[in-house]
Amino acid sequence: MEEPAIEEGDHNRDVEVAPALISVHPDHKFIVVSIGSDLRVFDLQGSCSVTLVDDSSGPPHKDSIRAIRFGAGGKLFVSAGDDKLVKIWNANSWHCTATVCSEKRVSAVAISKDGMFVCFADKFGVVWALDLDGFDENQVLVDKKGAPLLAHYCSIITSLEFSLDGRFIISADRDFKIRVTVFPKKPLDGAHEIQSFCLGHTEFVSCLALVCTPDCPEGFLVSGSGDSTVRLWDITSGLLLDTCEVGSQAGLLESNGREEEHYSAVTNLCTTSDGTVVAVAIQSLQGIMLLNCNLSARSLSVAKVVSITGGCFIPTSLDSASSAEFLWMVTGVSTLHGLDSHSLARVRVISGFRRSNDHEPTVLQDEEIPGGDKLLEKLQGSVSIESKVFSAAADAVKMAMCNLLIKKHYSADKRDFRKRTRNDKKIKQ
C-alpha cells in the first residue's frame, strides 16, 4: 500500500524556527536574550557580558530555547526548550546548578513564589514539578527529576504562571483553555484540585500575565490569544471580566479570510507592577499596544499604540523589571534560511513604561539604551543589523506560530500514517 504523501505542514516542521525571547532581572541587574540555542546574558550593573558556566560538555542547549524566566526574587534563572533539557542557573554566578531531562520538548516554565519548585510543561500537555530543596548557589544539584503535576491531555501548553500569592498554578493551551489549579502542599504527589477554568477564547491561548490589586492577593489574570483579543479574568471563579479586541483596534484584521486573523495574534504580554498598564505584542504590529487596566471597574481599554520606526520591528517577546521604567523588547528567530543571519536578534527599549498617563512612553535610540553598544553587541549578535533580516523574521514567526498552535485536520489514512511513524515512542522491555 502506498504511503500517504507528507503534507506541507510536516515539511515546515523540518525548518521550524523559534522566536527570540527576552527576560529582565526583577531588580534590573541582568538582561537575558535567547535566540535559537544561544543564551545571552548582559550585566547592566557591571556593563559587561556574562559568561555562562555549565559543567556539562558542549553548549548549554543543543536546540531551540522555548522558555526563559527569572524567579525566587532574581536568585534563580531557568531555561528550557526543544532539546528536552531544563537548566537551572544561579543568577548571581551564572553557574548551572541543575540539568533535568524532560520526556518531551519543553514549551513553558514557571517558578513558585517561594523558589522551592520549578514547573515545566511539555508539548504533550503534561506539567512537571521539580523540587529545589537543598538549592545552594555554590552547590550543584544532582539526581533531580521532575514529577508529573497535572495534564491538559495531549494539548500543547503554551504558558505557565503562578498566582501572585502562590496558591494557584495557571496553565494555558492551544485548545483555547485556561486552567487554574490549586498548587498543593506536596507538589510531587500531583495537583488534584482544579479551582476554575477560564473559557472564552476562540483560538489558541498564547500568553498569560498577572495584575495585582491590594484587595485581591492572588491577582487578576490577563490572557492573549490567536483570536486577537486580550481578556481579563477572575482567577478564583474563572469569570470573564472584560474583553479587548486589540486586533481590530490596531487595524490589523482583514475581512477577506480567516487565515489573516492569525497574523494579528497576541504573542506576548507584560504588565506594570501596579497593574494599571498592560503592554501587548501583536503579530504584524510594528510596535506595541498599551492597555489601561482599571481593576476597580474590572475593565480593559486601549490607551495608545507605540509605533517603532526604523526598520521592521515586530516584537516577539516583552519584559520589564519591577524596579525600573523600561519595557524591553526583542524580535528575531533562530534560523532564517537563505540569509546570512544565523541567530540574530534586535533589542529595543521603551522608557516611561511605568509612569503616569501624563508622560508619553518614548522609544529609545540605540545610543540611549542602558548598556549601550556593549549590550547590543552581546544580545543582538551585532550592533547594527539590516532591516531586511527582521522583515523575513516577522514572516517566519507568523508561519511558525501557525504551524505550532493552529490544529491541523488530517484524513483517516494520514492519521494512521502519523501514528505509525512517530519518533517519540519508547520501546518497552
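## Hairpins around β19

In this predicted model, strands β19 and β20 form a hairpin with 6 residues between them. Glycine 238, in the turn, has a positive phi of about 80°. The two strands run antiparallel and are joined by 5 bridges, with β20 covering residues 240–245. Tryptophan 233 has leucine 240 in β20 as its bridge partner.

A hairpin is also formed by β18 and β19, with 3 residues between the strands. Its turn contains serine 228, whose phi is positive at about 65°. Strand β18 spans residues 216–225 and pairs with β19 in the antiparallel sense over 4 bridges. Here leucine 221 has tryptophan 233 of β19 as its bridge partner.

## Burial of β19

Strand β19 (residues 229–233) is largely enclosed by the rest of the structure, because 5 of its 5 residues are buried, that is, under 20% relative accessible area. Thr229, Arg231 and Trp233 point one way from the strand, while Val230 and Leu232 point the other way. Residues on both sides are buried, Arg231 among them.

## The β13–β16 sheet

An open sheet is built from 4 strands in the order β13-β14-β15-β16, with antiparallel pairing. Its edge strands, β13 (157–162) and β16 (194–199), each pair on one side only. From one strand to the next, the twist averages 15°.

Within this sheet, β15 (residues 177–182) is joined to β16 by 5 bridges, and the two run antiparallel. Isoleucine 178 stands opposite cysteine 198 of β16.

Note on methods
Residues are numbered from 1 along each chain as its sequence is written. This is a predicted model: local features need pLDDT of at least 70, side-chain atom pairs count only at pLDDT 80 or more; totals for chains, interfaces and linings use all residues. Side-chain values use heavy atoms; hydrogens and water are left out. Two strands pair if DSSP finds at least two bridges between them. Axes are lines fitted to C-alpha atoms, for helices over the stretch in contact, and angles run from 0 to 180 degrees between N-to-C directions. Buried means under 20% relative accessible area, exposed over 50%, partly exposed in between (1.4 Å probe, protein chains only).
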